[in-house]
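Hi,

Here is the structure I said I would pass on.

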Amino acid sequence: MVTKRYLVAANWKMNGSREQADVLVRTLVDAGIAAINADIALCPASPYLAQVAQALAGTPLALGGQNLHMDDCGAHTGEVSGAMLKDVGCRYVIVGHSERRCGGETDVDVAQRVAAALRNGLIPILCVGESAQERDAGKWCEVLERQLGSVVDHCGIAAFGELVLAYEPVWAIGTGNTATPEQAQEAHAAIGRYLMEAGLEAAHLPRVLYGGSVNAANAQGLFAMPAIDGALVGGASLVAQEFVAICRAAAISAGQ
Ligand code: PGA
């Protein structure tokens with residue numbers, strides 16, 4: 001049996017309220033999430049970070065932001081910096097989510113945000129993934145290489161030893177149309193090959209999470225694939241029993 005430590009990260013996106021965040025964390029903790037043998041992170045919207053940090057204190061669960069600015073402070077109205085995320089207790093930050101890339105975030109912007117995260121002692125969860133059109137055109141691998149290449153160019157290949165990747169095909173996000181375990185495995189393996197060709201030693205290969213309509217029913221099949229090291233979970237992470245089941249599936253796949 002494969003022994004690896006999975007990471008399951010909850011991307012709450014722009015959802016919830018103070019009360020809902022409290023109830024969700026309490027329900028997760030009451031369901032025994034802290035005892036599950038996997039790395040688990042919750043990424044609430046910025047206004048709820050401090051409150052979730054407090055609720056998670058004393059548990060092994062980690063906190064993550066959903067985005068950060070490339071600068072550490074200054075005249076950037078409405079933005080949040082890596083220094084601030086670190087200050088409120090974040091360990092992770094999602095970078096380059098397709099919902100942000102679709103809103104105009106470029107490959108260079110994403111690379112600068114990865115640099116800002118690392119500079120502030122945060123672990124970036126760097127999202128990459130192709131659209132349906134790009135997949136249909138047979139260009140998924142090319143797109144992943146372009147998105148990764150920008151980070152290699154700006155941050156250096158060694159940065160990949162300090163981050164987490166999330167392969168999130170755009171067509172699978174929020175659609176219920178999950179990639180098959182085989183499709184995800186193929187993409188994850190291609191990512192690993194690309195990073196090694198770019199000079200990363202095998203021992204430094206990052207964990208690659210799969211994201212896109214992961215739920216309690218499909219998690220086990222995805223986690224069974226050798227190149228899948230966890231999941232970035234959107235919709236299902238807002239439902240306590242679904243998210244706990246996904247985390248348990250990760251622990252089972254790790255043989256723990
Ligand atoms: P989903 O979102 O699980 O709702 O598809 C995943 C993500 O966008 O990170």
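Predicted model: local features only at pLDDT ≥ 70, side-chain atom pairs only at ≥ 80, totals over all residues.

**Helix α2 and what surrounds it**

In helix α2, which spans residues 49–56, the buried residues are L49, Q51, V52 and L56. Looking down the axis of α2, these buried residues fall within an arc of 165 degrees, so they line one face of the helix.

Just after α2 comes G58, with a positive phi of about 85 degrees.

**The cores**

The largest nonpolar core has 73 residues, and L42, F160, F223 and F243 are the ones with the most contacts inside it. Helix α10 (residues 240–253) supplies the largest share of this core, eight residues. A second, separate core has 14 residues, among them A62, C127, V164 and L232.

Leaving aside residues up to four places away in sequence, L42 touches A10, W12, V25, L28, V52, L56, L61, A62, L63, G64 and F243.

**One cavity**

There is one cavity of 30 Å³ or more in the structure, and the volume of the largest cavity is about 30 Å³. Its lining is made up of C141, L144, E145, L148, A190, I191 and Y194. Helices α7 (140–155) and α8 (181–197) each supply at least two residues of that lining, and α7 gives the most, with four residues. By type, the lining residues of the largest cavity divide into six nonpolar, no polar and one charged.

**Two loop residues to check**

K13 is found in the loop between β1 (7–11) and α1, and it counts as buried because its relative accessibility is 19%, with the cut-off for buried set at under 20%.

S213 also has a positive phi, near 60 degrees, and is likewise a residue other than glycine. S213 belongs to the loop between β7 (208–211) and α9 (219–223). At 17% relative accessibility, S213 counts as buried too.

Cheers

Note on methods. Residues numbered from 1 in each chain as written. Heavy atoms only, no water. Buried < 20%, exposed > 50% of the residue type's maximum accessible area, 1.4 Å probe, protein only. Arc of directions from axis to C-beta. 1 Å grid on protein atoms, 1.4 Å probe; cavity = no way out; pocket = protein on both sides within 12 Å on 5 of 7 lines; lining within 4 Å. Points joined across faces, edges and corners; volume = space filled by probe spheres on them. Nonpolar A, V, L, I, M, F, W, Y, C, P; charged D, E, K, R; others polar. Core = buried A, V, L, I, M, F, W, Y, C linked by side-chain atoms within 4.5 Å. Contact = heavy atoms within 4.5 Å.
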